[in-house]
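Here are some friendly notes to read alongside the model. Please keep the 3D view open and find each residue as we come to it.

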Amino acid sequence: MHHHARSRTRLPVFTARSGHDLLGIYLNDHLAGSTVGTERSRHLATACRGSEIGDVVAPLAAEIAEDRRSLVRIMRRLDIPVRRYKVYAGRLGERAGRLKSNGALVRRSPLSSLLELELLQLGVQGKACAWEALRELADRDARLDPRQLDDLLERARRQLRILEGLRELQAGQTFSHR
């Protein structure tokens with residue numbers, strides 16, 4: 001009996017941080033992720049220039065950068081300061097991620113594009129989650145524009161569909177038996 005009582009799941013202990021403080025942490029974490037996505041999408045567009053992937057990713061990279069700017073503007077409206085160290089950490093992490101082994105030393109491996117597309121998918125999925133969370137807040141906070149958040153969320157969903165198609169294309173090319 002005593003053993004069963006100890007195996008119960010403990011609920012997390014919350015500190016006295018306000019919802020505004022927690023929202024600031026949350027949005028700054030998403031800003032760091034958005035920085036990674038912006039840098040990575042630009043890198044992929046440049047690395048694949050002249051290919052089907054490059055032609056599709058280039059305008060997508062511009063949208064991802066615009067989404068990042070939208071997040072910064074929303075943070076300003078909510079009086080949430082940008083934590084620059086998180087942005088710098090995101091940028092540094094993205095650059096370090098380019099150093100990974102990809103099975104090719106001199107030229108770009110098709111595996112690099114596949115992994116980068118998967119990373120972008122994860123990032124856009126995270127961005128969609130943030131837009132959804134902010135959209136729920138918009139019903140209670142007049143500083144948030146529900147229509148803008150609906151548009152951002154729909155764009156993220158469209159970006160996910162595009163990235164999924166590119167990922168499927170790249171996977172087929174990467175793992176085809178030639």
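1. The largest pocket has a volume of about 300 Å³. Please keep in mind that this is a predicted model. Around the largest pocket there is a lining of 18 residues. Gly33, Ser34, Gly123, Val124 and Lys127 are the ones nearest the centre of the pocket. If you wonder how such spaces are found, rolling a probe the size of a water molecule over the atoms shows where empty space is left.

2. Which helix gives the largest share of that lining? H5 does, with 9 residues. The helices that supply at least two lining residues each are H2, H3 and H5.

3. Now step back to the whole fold. The protein has 6 helices and 0 strands, and its pattern along the sequence reads α-α-α-α-α-α. Of the contacts between residues at least 6 apart in sequence, 80% join residues at least 24 apart. You can look for such pairs by picking a residue and checking the numbers of its partners.

4. Next comes the surface. The protein has 178 residues, and 37% of them count as buried. Its accessible surface comes to about 11,200 Å². Carbon and sulfur atoms account for 57% of that surface.

5. What about the inside? In soluble globular proteins, nonpolar side chains tend to be buried together. Here, the largest nonpolar core has 31 residues. The members that touch the most other members are Leu27, Ile74, Leu78, Trp131, Leu134 and Leu149. At least two core residues come from each of helix H2 (19-47), helix H3 (52-77), helix H5 (110-138) and helix H6 (146-174). H3 gives the most to this core, with 8 residues.

6. Leaving out residues up to four places away in sequence, leucine 134 touches Leu23, Leu27, Ile74, Leu78, Leu144 and Leu149.

7. Is serine 41 buried or exposed? Serine 41 counts as buried because its relative accessible area is 0%, under the 20% cut-off. Serine 41 sits in helix H2, where it touches Val57, Ala61, Ile64 and Leu120, if residues up to four places away in sequence are not counted.

8. Aspartate 79 lies in the loop between H3 and H4, and isoleucine 80 lies in the loop between H3 and helix H4 (84-97). Aspartate 79 is exposed, with a relative accessible area of 56%, whereas isoleucine 80 is buried, at 5%. Aspartate 79 also has a phi near 60°, which is a positive value in a residue other than glycine.

9. Which residues does isoleucine 80 contact, leaving aside its neighbours within four places in sequence? They are His20, Leu23, Gly24, Leu27, Asn28 and Met75. For asparagine 28, the separation from isoleucine 80 is 52 residues in sequence and 8.5 Å in space, C-alpha to C-alpha.

10. Aspartate 67 is buried, with a relative accessible area of 1%, while arginine 69 is partly exposed, at 40%. Leaving aside neighbours within four places in sequence, aspartate 67 is in contact with Lys127, Trp131, Leu152, Arg155 and Gln159.

11. Leucine 31 is a handy reference point for both of these residues. From C-alpha to C-alpha, aspartate 67 and leucine 31 are 10.0 Å apart in space and 36 residues apart in sequence. For arginine 69 and leucine 31, the values are 9.4 Å in space and 38 residues in sequence.

12. Last, the cysteines. A disulfide is a covalent bond between the sulfur atoms of two cysteines. How many disulfides does the structure hold? The structure holds 0 disulfides. Cysteine 48 counts as buried, because its relative accessibility is 8%, and cysteine 129 counts as partly exposed, at 36%.

Terms used
Residues numbered from 1 in each chain as written. Predicted model: local features only at pLDDT ≥ 70, side-chain atom pairs only at ≥ 80, totals over all residues. Heavy atoms only, no water. Core = buried A, V, L, I, M, F, W, Y, C linked by side-chain atoms within 4.5 Å. Buried < 20%, exposed > 50% of the residue type's maximum accessible area, 1.4 Å probe, protein only. Helix = DSSP H or I, 4+ residues; strand = E, 2+ residues; numbered from the N terminus. Contact = heavy atoms within 4.5 Å. Disulfide = S-S within 2.5 Å. Areas by Shrake-Rupley, 256 points an atom, 1.4 Å probe, with all protein chains shown as cover. 1 Å grid on protein atoms, 1.4 Å probe; cavity = no way out; pocket = protein on both sides within 12 Å on 5 of 7 lines; lining within 4 Å. Points joined across faces, edges and corners; volume = space filled by probe spheres on them.
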